[in-house]
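Please examine the sequence and the structure shown here before reading the report.

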Amino acid sequence: MTKQDLQGREYASYSSLKAGQLVKVDDGFDCMTPWSARPVHFDNSGKAYLLCDAGYHYLDGRHDSIIGIYPIS
């Protein structure tokens, strides 16, 4: 089950991410503009990441909900 933030917005689900899918990042990432839309990428080993000011920001797949990352429908 995907979790929500305090405003009721659903976080992105790691298992549902697709290459090229746009997601929105909140203001908790120093390496990306707050509330900007970013396309999802996957490396050769299948790990999801976003391009950021530092290069690559890998998304944690240990839990299905990705805190601070929101799907754009």
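The report below describes a sheet and a residue in a loop.

## Basis of the model

This is a predicted model, in which local features need pLDDT of at least 70, side-chain atom pairs count only at pLDDT 80 or more, and totals for chains, interfaces and linings use all residues. Residues are numbered from 1 along each chain as its sequence is written, and side-chain values use heavy atoms, with hydrogens and water left out.

## The antiparallel sheet

An open sheet is formed by three strands in the order S4-S5-S6, with antiparallel pairing. Its edge strands, each pairing on one side only, are S4 (41–42) and S6 (55–58). Strands are DSSP runs (E, at least two residues), numbered from the N terminus, and two of them pair if DSSP finds at least two bridges between them.

Strand S5 covers residues 48–52 and pairs with S6 in the antiparallel sense over four bridges. A hairpin of two residues joins S5 to S6. Within this pairing, Leu-50 stands opposite His-57 in S6.

Met-32 lies in the loop between strand S2 (22–25) and strand S3 (37–39). The residue is buried, with a relative accessible area of 3%; buried means under 20% relative accessible area with a 1.4 Å probe, protein chains only.

Not counting residues up to four places away in sequence, Met-32 touches Val-25, Arg-38, Leu-50, Leu-51, Cys-52, Asp-53 and His-57. Contact here means heavy atoms within 4.5 Å. Met-32 and Arg-62 are 30 residues apart in sequence, and their C-alpha atoms are 22 Å apart in space.

Definitions and conventions
Buried < 20%, exposed > 50% of the residue type's maximum accessible area, 1.4 Å probe, protein only.
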